[in-house]
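Dear colleague,

I am handing over the structure below, together with an account of what was found in it. Please read the notes with the coordinates open beside them.

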Amino acid sequence: PEARRVAVTTLEGKGLALVALEEGMRVRGFSSDGRTLLAEIHGSAEPLRVLPVAGGPPRTLQRTNSSPLSWTPDGSRVLFETALDGKERLFLKGVSSGPMTELRLPEAQAHFGQAFMHFPAEHQPDPVLSADGRHLLYAVEGNAPDTAILKILEVETGHAATLTASY
């Protein structure tokens, strides 16, 4: 079957590239320099892929069932969640090469996956990297129903601090 293609354009509509997507592939975002797309394929043995916008074959980023969350600001790594040993975990993975680095959140109830299933989907907070890539903002369930506590993690040291008591 013919591959589905995505047109990459400027805001003014000037065509920059036509990127071929494999069957079932869904684009999840661009790297900060706009040269690479991150895509996922649900139900695939190799669900996370990176595709060069200028052309070329997609490369597998992660082989387990994973969901991409965001790029690091320099575009060199991707933050994603994956289930290992029956637990949802956060990882950073280099786009070019290198091992995965787990971001260990101190709280067992830290949000990713389905921790806030009672919140409407549009209000479920995903972890977010800071602009400099040194911190991760995330939420844990609050003491009252439908509330959360915002935390910030220093990526390098693993130290976490509370930003809000509840929201």
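In this predicted model, strand β11 (residues 128-129) and strand β12 (residues 135-141) pair in the antiparallel sense over two bridges, where strands are DSSP runs (E, at least two residues, numbered from the N terminus; helices would be H or I runs of at least four) and two strands pair if DSSP finds at least two bridges between them. L129 stands opposite L136 in β12, and the two strands form a hairpin with five residues between them, in whose turn G133 has a positive phi of about 75°.

The next strand continues the arrangement: seven bridges join β12 to strand β13 (residues 148-154), and these two run antiparallel. L136 has L153 as its bridge partner in β13, while the hairpin of β12 and β13 has six residues between the strands and, in its turn, D146 with a positive phi of about 60°. β13 in turn pairs with β14 in the antiparallel sense over three bridges, with A160 in β14 as the bridge partner of L153.

Taken together, these strands form an open sheet of four in the order β11-β12-β13-β14, with antiparallel pairing. β11 and β14 (160-162) stand at its edges with a single partner strand each, so one side of each is left without a neighbour in the sheet.

Another open sheet of four strands has the order β3-β4-β5-β6, and its pairing is antiparallel. Its edges are β3 (25-30) and β6 (59-62), each with a single partner strand, so one side of each is left without a neighbour in the sheet. The twist averages 35° from one strand to the next (axes are lines fitted to C-alpha atoms, for helices over the stretch in contact, and angles run from 0 to 180 degrees between N-to-C directions). Within this sheet, strand β5 (residues 48-52) pairs with β6 in the antiparallel sense over three bridges, and L48 stands opposite Q62 in β6.

For the chain as a whole, there are zero helices and 14 strands, and 36% of the 167 residues count as buried (buried means under 20% relative accessible area, exposed over 50%, partly exposed in between, with a 1.4 Å probe and protein chains only).

The largest nonpolar core has twelve residues, namely L79, L90, L92, L103, L105, L129, L136, Y138, V140, I149, L153 and V155; such a core is a set of buried Ala, Val, Leu, Ile, Met, Phe, Trp, Tyr and Cys residues joined through side-chain atoms within 4.5 Å. β9 (87-94), β12 and β13 each supply at least two residues of this core, and the largest share, three residues, comes from β12. L79 is found in strand β8 (residues 77-84) and counts as buried because its relative accessibility is 0%. L79 and F91 are twelve residues apart in sequence and 5.7 Å apart in space, C-alpha to C-alpha.

Two notes on conventions remain. Residues are numbered from 1 along each chain as its sequence is written, and side-chain values use heavy atoms, with hydrogens and water left out. Because the model is predicted, local features need pLDDT of at least 70 and side-chain atom pairs count only at pLDDT 80 or more, whereas totals for chains, interfaces and linings use all residues.

With best regards
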